[in-house]
Amino acid sequence: MNLKIHFVGIGGMGLSALALWARSQGYRVTGSDLNNGPMIEILKGAGIEVTLGKNEIIGHPDFVVRSSAVTEESIKGSVNVKILERMDFLSANIKPLVGITGTDGKSSTTLMVEWIALKNGLDPSMICGAVPLGLSNATFRGGKGGMVLEVDESDPGIENISSEIAVLTNLRYDHLDRYKNDPKEQLRVVNNFLKRAKRTVIPYDFDFGGTIKFGEYGDVTYNHISSDFKMQNFEIRYNGIRAEVHLPIAGIHQMANATAAISAGILLGFSLDRCAAALSSYPGLKRRLEVLHSGDITVIDDYAHTPDEARAALDSVRPYFKNVVAIFEPHRYTRLLQFHDEFSSVLSMADEIYVTQIFGAFEVEKKIDPIDVVQKIRLSGKNAYFAKVEEVSEILSKKMKPGLYLFMGAGNITHAAQKFAEVAAKW
């Protein structure tokens, strides 16, 4: 296969995975990106030539695939080459064995399905929106057949993906700007994604005739037994059969993700017991309540960037630490504009709060100031501050005290978390 594909915005989690997949299929792959992110060295290590500093087409590819964060007008280079958006390329080339979408929990559920499959003798490839711990150093893992695919619900193109098994973790209307600001349009697209699948796993309260429904009144249910900071113990039931799950990661909310993954495992042909047993060695993902340092000072890095995700993260750690310091980087202007009251309320669960400047992603700047969130948090009686993300580690290091420092956000906050963890290790 001699086709040459160039990926613009190749350093992003989604596009880097597609580039690595294309490389594994024998395509000649090049890429470009404005920034030198963590995936660039992995791409280069796979033999992919990457140009940094601008959205540019290298050489003479047969066609170009662009990130959804990159406009076609911003791409420099040949004007005669065909340019595809990421989801168009994906839906035309990958027919997943299991496709997982939803507002929250996609990445965790994707890796859980992959892990269940691996532990039960299947070896599908995987494209995930986060990097697994202890399994792969990238968002793509090559296997021997089939694909477990995380499907980005923010992109309307998901309705063109045809899965053998489609999984919906949950649905809130978090990306309405991509759906004409119309919840009914996003619902239509998600329903079309489900309709194209041969079998489906959906929440019990979602109005769609799924093959398996999971949750409180579903076909597959779970009951919490006990939790500590790093272990979730719960019972799962299906068709009158019970099994205990011992999930070795933080976060009570992960029980719902695990139940969705086990439901997919059942549709893959595995028994309830074998699905439950597989998750006892589940490795977890980077930036999903990832402990960077533990001791008198514990530092956690988490991808939470919606109010519900931030609440889940704080709920997961609050019972185990007397002093919780939350450092939050807002992600996207439209999200903070829509949910600033919710963010203020949720972040007030911490004892001390730092809010940084907004990570805009691909959005045009809008009139919303993170200091507004800080001021609303202060009304609850909590100590809240604004800090630049590049300065927050230094600010915290000058007033360190025992407790948990929880860094949350989907942008540059992870670098601050890593920097502060290095400081905490010397404290």
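Does Glu352 count as buried or exposed, and at what relative accessibility?

Reply: The model is predicted, and everything below was computed from it. Glu352 counts as buried, because its relative accessibility is 8% and the cut-off for buried is under 20%. Glu352 is placed in strand E19, which covers residues 352-355.

The surroundings of Glu352 come next. With neighbours within four places in sequence left aside, the residues in contact with Glu352 are Val324, Val325, Ala326, Asn383, Tyr385, Lys399 and Lys401. One of these, Lys399, also has a side chain that is joined to the side chain of Glu352 by a polar contact of 3.3 Å.

Now for the charged pairs. In the whole structure, a search finds 24 salt bridges. Among them is the pair of Glu56 and Lys54, whose closest N and O atoms are 3.9 Å apart. This distance qualifies because a salt bridge needs the nitrogen within 4 Å of the carboxyl oxygen. Lys54 is partly exposed, with 42% relative accessibility. Glu56 is partly exposed too, at a relative accessible area of 23%.

Another salt bridge is formed by Arg188 with Glu159, and here the closest N and O atoms are 3.1 Å apart. Arg188 belongs to helix H5 (residues 183-195), while Glu159 sits in the loop between strand E9 (147-150) and strand E10 (165-168), so this pair ties together parts that are 29 residues apart in sequence. Arg188 has a relative accessibility of 36% and counts as partly exposed.

Glu164 and Lys198 also form a salt bridge through their side chains, at 3.5 Å from N to O. This pair links distant parts of the chain, 34 residues apart: Glu164 is in the loop between E9 and E10, and Lys198 is in the loop between H5 and strand E11 (199-203). Glu164 is partly exposed, at 26% relative accessibility. Lys198 counts as exposed, because its relative accessibility is 65% and the cut-off for exposed is over 50%.

Conventions: Residues are numbered from 1 along each chain as its sequence is written. This is a predicted model: local features need pLDDT of at least 70, side-chain atom pairs count only at pLDDT 80 or more; totals for chains, interfaces and linings use all residues. Side-chain values use heavy atoms; hydrogens and water are left out. Buried means under 20% relative accessible area, exposed over 50%, partly exposed in between (1.4 Å probe, protein chains only). Helices (H or I, at least four residues) and strands (E, at least two) are DSSP runs, numbered from the N terminus. A polar contact is a pair of N or O atoms within 3.5 Å; within protein, one must be able to donate a hydrogen and the other to accept it, and residues adjacent in sequence count only if both atoms are side-chain atoms. Contact means heavy atoms within 4.5 Å.
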